[in-house]
Amino acid sequence: MCGIVGYLGDKEAAPILLSGLRRLEYRGYDSAGIAVANGAPSTVLRRRGKLAELERLVATETPHGNVGIGHTRWATHGRPSDENAHPHKVGGVSLVHNGIIENHVDLRRRLQGEARVFKSETDTEIVAHLVDRALRDGAPTLIEAVRMALSEVRGAYAIVVMSDDHPEQIVAAKNASPLVLGIGESETFLASDVPALLEHTRDVLFLEEGEIVEITRGGVRVERMDGRVVERSPRRIEWDAAQAEKGGYPHFMLKEIHEQPRAIADTLRGRLDVEGGDASIGTFDADAGRLRRVVLLACGTSYHAGLVGKFLIEGLAGIPAEVDLASEFRYRDPVIGPDDLVVGISQSGETADTLAAIKEARSRGARALAISNVVDSAIARASDGALYTYAGPEIGVASTKCFTAQLAALALLALHLGRRTGKLSLEAGRAFASELQQIPAKMERVLAVSGDLSDVAQRSASVSDVLFLGRGVNYPIALEGALKLKEISYIHAEGYAAGEMKHGPIALIDDGMPVVVIAPMGPSYEKVLSNLAEVKARDGRIIAVATEGDKHLRSVSDVVLSVPDAPPLLQPLLTVVPLQILAYSVAVAKGNDVDQPRNLAKSVTVE
Ligand code: BG6
């Protein structure tokens, strides 16, 4: 998830590009760049680091011109660096991109076979080479060259392109990544999102899937990839800039909850092989056949992802898996060695306890794989390999989309290991892979049905304690649901294994205590029902997370939050969503600062 901007008009492009990027920095902020043309070869300026670094460079080497493109990056392929920053210029072609090119390895090999030289590690530079090649092969127009290039590309992209041989025009195309045009008086703006446009115009044109656009001084021409012209009039946006950064949502947390289907789809993209019943985890060789044990290390919400990971790895690969709090592991003189694989899970990739725990494990001979949402983060650098989640920057302190993206990454890892230990047959692998592929669509359904829990929230906002119960793979979701409520509503909440309830916490239950029971259909459904009956018998108020259409649970619960059916190992990706929304709604009902709750930090980089 990067931020893209473009401009063609009568004003100086550089300041417009920079202010647009400033408005999009929430989409990515590890490096940035602009390219500006003035009827001559474009000038490209790029810098690693926050946008301020680029602004300093532009202040000393100000490029002049009325046509330009810009980019602020959230690295996916290639660490943050000046060389990997966008725009990428190949020949006379300057290009910025947001998304993931799935077949980048194959395309790079082919282009290198044609003696093309790469200056970066990115998947993006490949597209610039393909456009440059199409132009050299005689493509009559820039839009035709871009069309030819994209016909070889598989994946998600929003790209914006300029060419020195075709001055005074910009071409852009969109597939599964956002791109919007701002229509002004004799000027046109482009951006990944509305915030970058609002200071210039409120008339916007959203590009749809598979559309390509040519922008000249004569105006805007939108076409389908097959060349058919698309007629669409601009929409008027009434949001203010702050609202726009949140995509019209009142808080980043709610926006990020709704971004989960895309975060999962992007994390699976180019890695899940449904036909082969397998998953790729990049260049890291887990050496599954030799593994004695997998040890998952993390803190906070990432620790709860680790607990689900244990079920996935043992269930699909048959390899013993342990989960440990990183802050405990590092001081426990752990028994660990060369036949163990440590998986360090961290959204930020900077959490001090997790980093130290990984270093401790490696110093004892174990190999380490990092699961992180930040490319080249400290934890990734301290590990032998990294399996990145592609959720995009997470602004809300309470983690949501990065949690479910971690579950998707752990599912990929478990599938990969399962096919290599032989625990998982081709057929079983195919079945699991196909179920995993359906998760983004099922999440959309959960978001559609449990979008508004303000009613339940109002009734729960004044309670002082809440109990969350779950069994098996949903026990970690009970813990996560409780943590979300604690983090942002400041209500004391406890997640508990449902089977354990009668050995203690049942003493807390009375008619004032909401009890959230995670009870989707599955192997422990009957057992959870009996726990639910124990709560009911003590007048506890039941909020149940149930499989769609479960009439029995509806009859015994005060509130039902429905999720589509899914195989037990994948249920956590769905059952957690209503709990995120519940916590969010209670915090809003209490008037709390949802995105920046008290006493918490997004990442704790000190002990
Ligand atoms: C805390 C955050 O500081 O760190 C939590 O508030 C997070 O949301 C935890 O789960 C672990 O962070 P990370 O980046 O290592 O996953």
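## Residue D132 and the basis of the model

D132 is found in helix 4 (residues 124-136); helices (H or I, at least four residues) and strands (E, at least two) are DSSP runs, numbered from the N terminus. The structure is a predicted model, in which local features need pLDDT of at least 70 and side-chain atom pairs count only at pLDDT 80 or more, while totals for chains, interfaces and linings use all residues. Residues are numbered from 1 along each chain as its sequence is written, and side-chain values use heavy atoms, with hydrogens and water left out.

With a relative accessibility of 5%, D132 counts as buried (buried means under 20% relative accessible area, exposed over 50%, and partly exposed in between, with a 1.4 Å probe and protein chains only). Leaving aside residues up to four places away in sequence, D132 touches V90, G91, G92, V93 and R116, where contact means heavy atoms within 4.5 Å.

## Salt bridges

The model has 49 salt bridges, each defined as a side-chain nitrogen of Lys or Arg within 4 Å of a carboxyl oxygen of Asp or Glu. In one of them, the side chains of D164 and K89 meet at 2.7 Å, N to O. This pair links distant parts of the chain, 75 residues apart: D164 belongs to the loop between strand 7 (155-163) and strand 8 (166-175), and K89 to strand 5 (residues 88-90). D164 is partly exposed, its relative accessible area being 22%.

A salt bridge also joins E259 to K401, with the closest N and O atoms 2.8 Å apart. E259 lies in the loop between helix 7 (252-258) and helix 8 (260-268), and K401 lies in helix 13 (residues 401-421), so the pair ties together parts that are 142 residues apart in sequence. Both E259 and K401 are buried. In the salt bridge between R364 and E360 (2.8 Å, N to O), R364 is partly exposed at 29% relative accessibility, and E360 is partly exposed at 23%. Elsewhere, E102, R154, R262, D266 and R269 are linked in a network of salt bridges.

## Packing of helix 13

Two packed helices are described by the angle between their axes and the distance between the axes. Axes are lines fitted to C-alpha atoms, for helices over the stretch in contact, and angles run from 0 to 180 degrees between N-to-C directions. Helix 13 packs with helix 14 (residues 426-437) at about 170 degrees, the axes being 10 Å apart. Helix 13 is therefore roughly antiparallel to helix 14 (angles under 35 degrees count as roughly parallel, over 145 as roughly antiparallel, 65 to 115 as roughly perpendicular and the rest as oblique). A411, L412, L415 and R419 of helix 13 make the contact with L426, G429, F432, A433 and L436 of helix 14. By class, this contact has seven nonpolar, one polar and one charged residues; Ala, Val, Leu, Ile, Met, Phe, Trp, Tyr, Cys and Pro count as nonpolar, Asp, Glu, Lys and Arg as charged, and the others, Gly among them, as polar.

Helix 13 also packs with helix 20 (residues 572-589), at an angle of about 175 degrees and with the axes 10 Å apart. Helix 13 is thus roughly antiparallel to helix 20. Here F403, T404, L407 and A408 in helix 13 meet P572, L573, V576 and Q580 in helix 20. The contact of helix 13 with helix 20 divides into six nonpolar, two polar and no charged residues.

## Cysteines

The count of disulfides is zero, a disulfide being a pair of cysteine sulfur atoms within 2.5 Å. C2 is in no disulfide, and the nearest cysteine sulfur, that of C402, is 15 Å away. C2 is buried, at 6% relative accessibility. The sulfur of C299 is 15 Å from the closest cysteine sulfur, in C402, which is too far for a bond. C299 is partly exposed, with a relative accessible area of 24%.
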